[in-house]
There are 4 protein chains.
Amino acid sequence: MMLNGEKKIARPLRWAMVGGGRLGQVGYKHRTGALRDNTAFQLVAGAFDIDPERGRDFGVNIGVAENRCYDDYKTMFGEEAAREDGIEVISIATPNGTHYEICKAALEAGLHVICEKPLFFTTDEVREIKSLAEEKGKIVGVTYGFSGNQMLLQMRAMIEQGKIGDIRVVDLQYTHGFNALEEEKPSDAQKWRVDPKIAGPSFVLGDLSTHTYYMSQLIMPNMKIKELLCDRQSFIKSRAPLEDNAHVLMHYENGAVGTMWTSSINAGCMDGHRIRIVGSKASLEWWDSKPGELTYEVQGEPIQTLIRAMPYLDESCNADERLGALHVEGLSDSWANIYLKFAVAIDAKSRGDEETLKNLVYPDIDAGLEGVRWIENCVRSAENGAVWVNFE
Amino acid sequence: MMLNGEKKIARPLRWAMVGGGRLGQVGYKHRTGALRDNTAFQLVAGAFDIDPERGRDFGVNIGVAENRCYDDYKTMFGEEAAREDGIEVISIATPNGTHYEICKAALEAGLHVICEKPLFFTTDEVREIKSLAEEKGKIVGVTYGFSGNQMLLQMRAMIEQGKIGDIRVVDLQYTHGFNALEEEKPSDAQKWRVDPKIAGPSFVLGDLSTHTYYMSQLIMPNMKIKELLCDRQSFIKSRAPLEDNAHVLMHYENGAVGTMWTSSINAGCMDGHRIRIVGSKASLEWWDSKPGELTYEVQGEPIQTLIRAMPYLDESCNADERLGALHVEGLSDSWANIYLKFAVAIDAKSRGDEETLKNLVYPDIDAGLEGVRWIENCVRSAENGAVWVNFE
Amino acid sequence: MMLNGEKKIARPLRWAMVGGGRLGQVGYKHRTGALRDNTAFQLVAGAFDIDPERGRDFGVNIGVAENRCYDDYKTMFGEEAAREDGIEVISIATPNGTHYEICKAALEAGLHVICEKPLFFTTDEVREIKSLAEEKGKIVGVTYGFSGNQMLLQMRAMIEQGKIGDIRVVDLQYTHGFNALEEEKPSDAQKWRVDPKIAGPSFVLGDLSTHTYYMSQLIMPNMKIKELLCDRQSFIKSRAPLEDNAHVLMHYENGAVGTMWTSSINAGCMDGHRIRIVGSKASLEWWDSKPGELTYEVQGEPIQTLIRAMPYLDESCNADERLGALHVEGLSDSWANIYLKFAVAIDAKSRGDEETLKNLVYPDIDAGLEGVRWIENCVRSAENGAVWVNFE
Amino acid sequence: MMLNGEKKIARPLRWAMVGGGRLGQVGYKHRTGALRDNTAFQLVAGAFDIDPERGRDFGVNIGVAENRCYDDYKTMFGEEAAREDGIEVISIATPNGTHYEICKAALEAGLHVICEKPLFFTTDEVREIKSLAEEKGKIVGVTYGFSGNQMLLQMRAMIEQGKIGDIRVVDLQYTHGFNALEEEKPSDAQKWRVDPKIAGPSFVLGDLSTHTYYMSQLIMPNMKIKELLCDRQSFIKSRAPLEDNAHVLMHYENGAVGTMWTSSINAGCMDGHRIRIVGSKASLEWWDSKPGELTYEVQGEPIQTLIRAMPYLDESCNADERLGALHVEGLSDSWANIYLKFAVAIDAKSRGDEETLKNLVYPDIDAGLEGVRWIENCVRSAENGAVWVNFE
């Protein structure tokens with residue numbers, strides 16, 4: 001049975017946002033995901049903007065009560081804690097450099113957290129927050145927003161079922177060209193992304209490739225990187241030391257090899273986000289630009305194109321189906337899938353239902369940890385001259 | 001500026017559904033569209049199902065108060081009329097044969113109406129309802145759900161700007177193969193579609209081609225059909241007299257010609273919904289399976305592929321943008337666009353703002369009328385032996 | 001085993017061309033096909049050009065002995081007949097209006113004939129020439145140059161094997177846009193094509209759609225048209241009465257329906273030559289722009305793309321393979337396949353080997369007859385107001 | 001003006017083959033290229049097979065006089081030298097390990113040479129042969145068979161004209177999956193390719209990536225590699241030490257970076273040969289599977305697809321045009337282009353026309369040298385643990 005908006009948890013969670021206001025479109029993606037059916041989350045509060053006035057105006061415009069549009073997240077956590085109907089979960093859609101402190105404060109205020117990627121700057125930070133979340137009994141989810149596409153679960157199922165044989169080559173790419181030209185006046189949304197103080201130790205490795213790396217792990221949970229080599233460049237010099245292009249080579253523990261190309265200077269590229277997994281018998285390939293298609297190429301047989309929502313797909317894939325065959329689902333549907341799983345996870349955690357949690361595939365704090373670990377190792381390799389490093 | 005959920009009308013409209021319950025996915029598309037941002041509509045009531053119990057259970061599950069989940073639409077219209085916070089607008093997502101009576105009752109109850117296509121069985125019915133709506137000062141919108149894709153507005157703008165020259169050939173297709181095989185036990189959702197008493201005088205002509213015909217009119221508002229010829233078949237005999245395949249030839253008043261192929265027996269076809277407009281200098285082509293792309297082929301020049309959300313697109317196209325470039329929008333975004341325009345239309349109508357209404361491009365009752373007219377003319381031609389008939 | 005140039009007949013045939021000189025590229029296609037391996041044909045003479053001097057210069061340039069470059073075809077037929085090593089077969093690559101007389105003269109001179117399409121102006125002419133060819137014991141082949149692509153034989157085999165079920169819809173298209181713009185000074189190669197005295201009763205119906213119609217017959221030899229309706233236009237007025245755009249609807253004897261769109265005003269279209277056959281279980285689709293691919297869509301299953309030269313293809317398909325998988329074959333390979341079959345047919349005819357002839361699938365005079373018949377019926381329908389006519 | 005078979009040199013060259021017989025299809029590609037129009041080469045002799053009897057039978061079958069079908073190349077060089085009409089140029093289509101000695105013997109016998117890639121085992125060997133060829137005044141051409149596609153010249157022209165800005169990223173791939181499965185009984189044609197004694201120091205690096213590397217150099221003649229890193233694997237263990245998969249990272253002297261993925265275990269991949277050049281303003285991308293298309297992506301503009309044979313293409317591109325727009329050219333046309341240039345080069349060399357030679361873009365011995373150098377550097381890097389090495 002397809003998703004049709006009927007409730008998956010007893011009642012919607014009371015939800016607030018930190019960031020995600022009018023000056024960018026990222027907050028909209030969160031709301032589009034969270035509020036898809038109004039049965040998983042209800043947006044009841046927010047500290048939407050670094051500019052409190054603008055944030056309040058925005059909050060009211062999207063339907064939040066004026067008195068629950070706060071000047072900043074600390075005030076919000078404090079005041080909401082005092083309400084009987086106070087918030088239960090927040091989403092963080094602010095520049096990277098603030099994730100850690102907001103996340104920590106939220107957990108300490110007894111809130112579940114959903115946070116933008118890359119989660120924090122260092123794996124140490126993530127491990128600390130992971131401990132704190134465990135101590136507080138709270139969920140920390142990470143919005144790898146593309147990863148909710150159900151065709152990725154189809155890939156996972158087929159690989160698990162041996163449909164491609166042993167994995168040999170992992171071919172990952174997330175590139176675009178929107179930063180190919182030197183910008184005379186970068187937007188605020190762009191500027192912080194190349195400021196190491198705010199963005200952390202990477203630009204495209206963090207901003208783009210963590211998505212794809214997580215998706216690869218979602219698809220092939222048993223594949224562990226043993227060592228990698230990262231070669232990165234700042235083609236626009238003002239971005240140095242943060243890279244706008246990087247190539248990574250990976251060696252997996254099972255002998256497979258992999259590559260990741262991530263770039264924001266791939267001029268003109270409009271379909272540069274893709275995953276190909278080559279096995280000993282067959283390959284699977286998925287492009288974010290045609291997210292409802294999956295190419296399954298068995299060596300020596302006709303090429304197969306699997307299409308979303310068809311009965312021949314795995315049950316785990318079709319469980320996330322909303323619109324049905326012939327009807328294109330896109331990024332908003334992917335975000336809706338992720339947010340629904342966050343809600344189910346939070347509900348299960350609150351009820352102490354570890355069984356549900358164990359079986360739920362979603363970007364949790366371990367996924368966030370892996371993303372930061374990926375960046376750390378890539379940067380360590382790159383800074384040592386693009387040499388092989390153990391994946392620590 | 002992109003759409004980000006901020007309100008376009010003073011407050012959300014109080015909205016109810018007739019039909020659209022658990023036994024099909026169509027109601028979900030309406031809710032996905034209407035409730036995208038919770039600033040245009042709020043779902044406060046419903047008569048969701050022919051089975052009142054199941055409908056009530058469903059309504060509660062999606063968040064409607066139990067006492068506003070009604071046994072049938074008549075009861076709903078009556079009881080809601082007595083409430084101060086009663087519904088203002090309803091959506092009709094029931095089998096075709098009930099549209100007319102529900103629509104009429106709603107208008108008489110002082111409600112705005114949003115209705116599934118094909119609107120009614122006859123143009124006479126549509127004209128009657130149009131008069132009634134005008135008399136009551138209410139909006140009747142029709143959910144041509146694919147037509148909200150903003151690339152269609154790009155096509156409209158380019159044609160209006162002369163980018164393809166004079167239109168010569170219109171090449172329309174909406175086909176799939178989901179009814180290629182004789183079903184031993186058709187689902188309820190399928191069965192009524194080939195029963196003339198419930199579906200009306202056509203199957204695929206109404207169920208599929210009215211979408212595409214409307215979209216062609218949206219794109220080329222000045223193109224008027226002069227005469228047409230329709231050849232239809234029922235390849236699965238039990239469907240006769242309703243067709244599962246039809247070809248239509250059109251002659252336009254300006255000398256252009258057109259074709260429509262509509263079918264549900266195009267076995268295996270998963271990308272059969274498309275529009276190509278051939279002009280004297282260039283052509284435009286759009287496929288529903290890749291809704292964010294538009295092919296612009298100028299004779300003698302490199303083929304151009306225009307991509308959603310790019311700055312080079314027309315303002316009217318980008319005004320409906322939500323996610324931004326590289327981020328796939330799909331059918332749910334298209335429905336959201338249409339519903340937002342319904343809300344703006346209803347709000348404008350209520351405020352007597354005819355200027356806004358005049359400039360708003362959306363599937364109104366005239367679009368519904370044209371769809372029924374299209375079917376009527378096609379069927380008249382087909383029943384006379386696939387001969388040319390004037391488009392009356 | 002793939003084709004590798006080894007001889008298929010005892011010795012190469014002595015071959016000449018009528019037309020096909022320097023002022024167009026059509027003759028080159030013939031030579032590319034005929035001389036692919038130098039084991040089927042040898043070009044030993046020619047009357048290449050309406051301008052004898054230019055024709056002689058050209059002939060010498062491509063390696064023909066000067067004394068066998070003739071002023072006109074009549075002289076050639078006469079003088080070659082007097083040689084011991086005289087020509088055995090000619091190819092006609094002249095404007096349509098001359099085909100009949102050259103063909104007749106060649107047969108009367110005891111020569112086999114290979115002729116451009118459309119063969120002649122009327123079916124009566126074709127029937128007369130067919131009788132003459134039978135009387136003389138000679139082959140008349142027709143250069144439907146695209147039809148040598150072996151993937152068409154794959155389609156034929158799959159349909160014959162029931163892989164798509166019963167045929168329901170035949171969807172044919174051969175369109176381009178190279179005549180979309182009114183030419184102030186059309187080239188000679190272009191001008192005669194819209195002069196009924198030279199081109200015959202049609203422009204694109206003959207020049208383009210006869211190819212596709214033949215290919216459809218090659219693929220589905222058992223499908224017979226019962227009646228058809230043709231609607232044709234001359235969008236560039238100076239072309240009237242010859243059409244630059246036409247749509248044809250077909251009714252086949254088995255209840256299937258079909259459409260053909262042929263046009264040279266489909267502005268910007270660079271991939272407008274395609275064939276889709278819809279069966280009761282599955283569909284097959286082939287595009288001339290990707291001639292090594294075949295889409296096989298079984299309703300309810302993943303889409304299959306079959307690729308040229310793979311072992312899973314039918315033996316009849318792979319028998320025409322030259323380059324092997326991953327290596328693109330194009331139009332020149334298609335012509336080579338056809339010409340090789342002409343050589344085999346001529347050789348068999350000369351040896352009285354009717355068994356070989358019976359099993360050889362190639363565009364023979366019956367294929368030429370069917371093409372002219374197609375045009376005749378289309379034109380008759382069009383001239384009577386685009387009405388249904390029996391396929392006579 | 002398009003190529004139409006008219007002679008480009010005074011008379012066809014007398015040509016022979018060493019290898020290229022019945023047991024593989026490679027010789028056919030040579031003949032298809034050389035003999036396309038019979039005005040550049042004539043096949044007059046051969047030592048086609050290691051088995052003289054089979055070779056003679058084959059030679060006669062493709063039209064070579066029996067007495068010029070020789071037992072081995074040494075005999076051929078000797079006997080032909082004694083003839084007045086003896087051969088002038090040979091093509092070598094034998095396993096890699098024999099190229100050097102045959103090439104040397106041919107030059108010493110006063111013959112021009114056309115040789116399969118990879119040319120020899122070491123750059124030292126190539127340099128020696130280059131000296132010998134210079135001394136003898138002979139041409140050595142290398143059959144990078146894909147490189148004759150004229151769209152590569154279009155890329156070259158556009159890059160030279162600054163149409164993509166400064167080159168930043170070079171993205172090369174030549175992969176397929178035909179060796180994904182362990183073969184119990186590899187064919188002879190396959191077996192030698194993984195025997196270092198016969199194949200040389202590499203498998204796919206030599207067999208596949210040298211093509212693509214040459215094509216990249218053809219496209220961007222000014223781009224010089226400074227250092228590279230190669231990581232190679234033998235997924236089928238019996239192939240070790242020869243690789244069936246490799247990834248190479250390149251640093252160019254101008255600061256650009258590049259990648260090459262070459263593989264024969266990319267299971268199911270049927271379109272794995274491609275070149276993408278990313279510049280500071282735009283990118284160009286070409287796929288061997290659609291060789292007549294070129295994607296030109298200017299950042300911020302609609303994607304452009306350039307199509308073969310159109311007037312908007314560069315003169316250097318259209319100079320190699322044979323069939324015209326809408327007519328697919330494939331690998332045989334590419335080989336024909338290369339062989340025609342070999343003929344022009346040989347003719348010019350014989351005439352002492354250094355001007356023509358200087359301006360002719362074709363795979364000469366320097367191209368062969370670069371291919372061997374590429375392999376040498378890749379192997380040196382791989383054998384040292386996939387480390388960066390200077391490109392020596």
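Biologist: What covers the buried residues of helix 1 of chain C?

Modeller: In this predicted model, the cover over the buried residues of helix 1 of chain C includes strand 1 (13–19), strand 2 (41–47), helix 2 (52–61), strand 3 (89–93) and helix 11 (331–351), which belong to chain C as well.

Biologist: Why is helix 1 of chain C called largely enclosed by the rest of the structure?

Modeller: Eight of the nine residues of this helix, which runs over residues 26–34, are buried, and therefore the helix is described as largely enclosed. The buried residues are C:Gly27, C:Tyr28, C:Lys29, C:His30, C:Arg31, C:Thr32, C:Gly33 and C:Ala34.

Biologist: Why is C:Asp37 called buried?

Modeller: The relative accessible area of C:Asp37 is 17%, and buried means under 20%, so C:Asp37 is counted as buried. This residue lies in the loop between helix 1 and strand 2 of chain C.

Biologist: Which residues is C:Asp37 in contact with, leaving aside its neighbours within four places in sequence?

Modeller: C:Asp37 is then in contact with C:Gly5, C:Arg322 and D:Tyr28.

Biologist: What makes B:Phe48 and B:Phe58 an edge-to-face pair?

Modeller: Among the 52 aromatic pairs that the structure holds over all chains, B:Phe48 and B:Phe58 have a centre to centre distance of 5.5 Å and 70 degrees between the planes. B:Phe48 lies in the loop between strand 2 (41–47) and helix 2 (52–61) of chain B, while B:Phe58 lies in helix 2 itself, so the pair ties together parts that are ten residues apart in sequence.

Biologist: Why is the pair of C:Tyr213 and C:Phe391 edge-to-face?

Modeller: The ring centres of C:Tyr213 and C:Phe391 are 6.5 Å apart and their planes stand at 65 degrees, so the pair is edge-to-face. The pair links distant parts of the chain, with C:Tyr213 in helix 9 (residues 204–219) of chain C and C:Phe391 in the segment after strand 14 (388–390), 178 residues apart.

Biologist: How do you know that C:Tyr213 is buried?

Modeller: C:Tyr213 has a relative accessible area of 2%, and because buried means under 20%, C:Tyr213 counts as buried. C:Phe391, at 8% relative accessibility, counts as buried too.

Notes:
Residues numbered from 1 in each chain as written. Chains lettered and ligands numbered in written order. Predicted model: local features only at pLDDT ≥ 70, side-chain atom pairs only at ≥ 80, totals over all residues. Heavy atoms only, no water. Buried < 20%, exposed > 50% of the residue type's maximum accessible area, 1.4 Å probe, protein only. Helix = DSSP H or I, 4+ residues; strand = E, 2+ residues; numbered from the N terminus. Contact = heavy atoms within 4.5 Å. Phe/Tyr/Trp six-rings, centres within 6.5 Å; stacked < 30°, edge-to-face > 60°.
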